[in-house]
Amino acid sequence: MQTTQFDRILRRIATVLSVVILSLCLIYISTGILLSFYYEPTAGGAYRSLRMIDNEVAYGWLFHRAHDISGNFMIAIALVQIVVMFLGRQFRNSWLTAWISGIFFTLSAIGLDWTAMILDWTQEGYWRFNIELGNIEAIPLVGTLLREIITGGGAISSLTVLHLYTLHNYLISIAAVIFAVVHLAALLWQERQMYAEVTEEPIQLREASLVES
């Protein structure tokens, strides 16, 4: 399939967005590490520790806000990235690594948001998570088991907060960084390939004109 100028523009936009995604991911991870020095992953203690970070720790409110904003923007830009890559036909075999890593990063970003739902231990987060647990429990065969694994016994407690904090900090965050780096590297490699194609086209045209003459 021939690459058009429109495809090339979309691929360039995808590369720029991948840089933004990695930057937001690094901001999210770095601010999360700073918050973890003061955060207490227990029922009740989570709320108190976050209020302390916002009101007592120097620039704590700034890091907390930056953490929340970067997390929300990661999801939004990752979804935009998927649309851009689809329009640029970057789901084909030659773009498989960039396409798959972009999808998995989007899922990781959504997973980070989902696991952070109850980490602030507010009423809104508690009841939202309770509704999510009801949806999980409705899954045939494995729903009840998944609820018990996530909550650590079925009821929302300090163990639930600890489980989600572990998933959030040590598993999904690391996966998100890896996918963001792989995604950017794959797109940069494709940028080099695209640049090589563009520079080869005039040479091929000159050679064809010489042969015809």
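Which side chains meet in a salt bridge at 3.6 Å, N to O? Select Arg 147 and Glu 137 to find that pair. Here a salt bridge means a side-chain nitrogen of Lys or Arg within 4 Å of a carboxyl oxygen of Asp or Glu.

Before moving on, two notes on the model. It is predicted, so local features need pLDDT of at least 70 and side-chain atom pairs count only at pLDDT 80 or more, while totals for chains, interfaces and linings use all residues. Residues are numbered from 1 along each chain as its sequence is written, and side-chain values use heavy atoms, leaving out hydrogens and water.

**Stop 1: Arg 147 and Glu 137.** The side chains of Arg 147 and Glu 137 form the salt bridge. Arg 147 sits in helix α6 (residues 143-151) and Glu 137 in helix α5 (residues 123-137), so the pair ties together parts that are 10 residues apart in sequence. Helices are DSSP runs of H or I with at least four residues, numbered from the N terminus. Colour by accessibility next: buried means under 20% relative accessible area, exposed over 50%, and partly exposed in between (1.4 Å probe, protein chains only). Arg 147 counts as buried at 16%, and Glu 137 as partly exposed at 36%.

**Stop 2: helix α2.** Now select residues 45-55, where Arg 51 and Asp 54 lie 3 residues apart, about one turn of the helix. Their closest N and O atoms are 3.0 Å apart, in a salt bridge. Arg 51 is partly exposed, with 27% relative accessibility. The count of salt bridges comes to 2.

**Stop 3: helix α4.** Finish with residues 96-115. Among the buried residues of α4 are Trp 99, Phe 105 and Leu 112.

Definitions and conventions. Helices (H or I, at least four residues) and strands (E, at least two) are DSSP runs, numbered from the N terminus. The expected span of a helix is 1.5 Å times one less than its number of residues.
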